[in-house]
Amino acid sequence: MSRIAYVNGQYVPHGEAAVHIEDRGYQFADGVYEVIPIVNGKMIGEQGHMDRLWRSMDELQMDAPMAPGPMKIVMREVLRQNKVETGLIYIQVTRGVAPRDHPFPLDAVPSLVMTAKKTSMDAADAKADKGVSVITTPDIRWNRCDIKSVALLPNVLAKQAAKEQGAYEAFQYDADGNITEGSSTNAWIVDQDGTLITRPTSNSILAGITRAELLDLLEKEGIKVELRAFSKDELMNAREVFLTSSSSYVQPVVEVDGKVIGNGKPGSISSNLRGIFKSYMQN
Ligand code: PMP
């Protein structure tokens with residue numbers, strides 16, 4: 001079956017989907033995006049993703065291409081046409097097409113593009129059963145990492161460095177030596193006393209929807225979390241490490257910069273939280 005993309009009002013074959021060369025997303029990375037997981041036909045955290053998309057647009061003084069209601073209808077149509085039961089939907093909004101000039105154009109119409117792809121829960125489970133390795137790398141991003149902008153070059157470089165070292169993700173650290181987040185994930189540790197720690201939201205990280213959903217679930221379970229920055233040292237000496245994102249859900253980490261965490265197998269708390277998160281998604 002051929003994939004279908006939505007581009008500015010039309011459903012087109014994925015291979016033919018295109019925007020103009022003077023789209024400001026292409027020329028200035030003047031755009032924002034969302035990735036929403038779908039599990040067994042259900043969108044996970046849809047409202048959180050929609051709210052974050054609107055917040056990103058507001059922070060960049062970007063007009064919305066359509067109201068949230070119609071956008072949700074297009075999202076469902078993209079999923080239907082691509083027959084996605086479990087997978088991801090990608091939504092991108094840019095400031096639109098205009099002659100190249102840095103200030104906001106006066107009359108550009110925002111561009112809206114959506115794609116969807118299938119993913120496999122079995123493949124995700126296999127990865128979680130084994131655990132992944134991460135590297136650490138300096139955070140060279142800008143001061144507004146809370147905006148989910150398509151300007152992802154520092155994230156691309158971080159992920160590439162991870163890949164070259166055979167790792168799944170790169171955890172970035174700030175000038176104080178504290179971990180901010182992964183290149184496309186939020187970072188968590190469990191310290192030697194069994195306390196869960198993750199960085200509070202601020203301009204230095206993206207407020208992950210998976211992170212927020214897991215925090216809600218933890219509260220319901222009565223499990224305490226310390227919201228504070230943790231150092232690279234604490235990361236290396238943690239009892240457990242895991243990451244969260246829309247595409248990884250809760251993913252145990254078993255190695256950091258070549259150092260084995262715990263006994264090199266996914267920790268019991270991380271694995272338990274993955275289970276809790278999976279049943280939240282599947283019910
Ligand atoms: N941080 C960054 C930099 C990301 O790109 C992502 C993925 N969107 C996340 C964290 C995780 O966010 P979410 O749980 O909403 O996917």
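Okay, let's start with the layout: the centres of domain 1 and domain 2, taken over C-alpha atoms, are 26 Å apart. The bounds are 4-119 for domain 1 and 124-282 for domain 2, and they come from an automatic or database domain assignment. On the contact itself (heavy atoms within 4.5 Å), domain 1 puts in 23 residues and domain 2 puts in 19 residues.

Quick caveat: this is a predicted model, so local features need pLDDT of at least 70 and side-chain atom pairs count only at pLDDT 80 or more, while totals for chains, interfaces and linings use all residues. Residues are numbered from 1 along each chain as its sequence is written, and side-chain values use heavy atoms, with hydrogens and water left out.

Back to the interface. About 1800 Å² is buried between domain 1 and domain 2, with 60% of that from carbon and sulfur atoms; that's the accessible area, 1.4 Å probe, that two parts lose on being put together, summed over both. We also get two salt bridges between the domains, meaning a side-chain nitrogen of Lys or Arg within 4 Å of a carboxyl oxygen of Asp or Glu. Glu59 also forms a salt bridge with Arg144, closest N and O atoms 2.9 Å apart.

Now rings. Arg95 has its charged end over the ring of Phe104, 3.6 Å from the centre. For Lys159 over Tyr168 that distance is 6.0 Å. The cut-offs there: NZ of Lys or CZ of Arg within 6 Å of the ring centre and within 35 degrees of the ring normal.

That's it from me.
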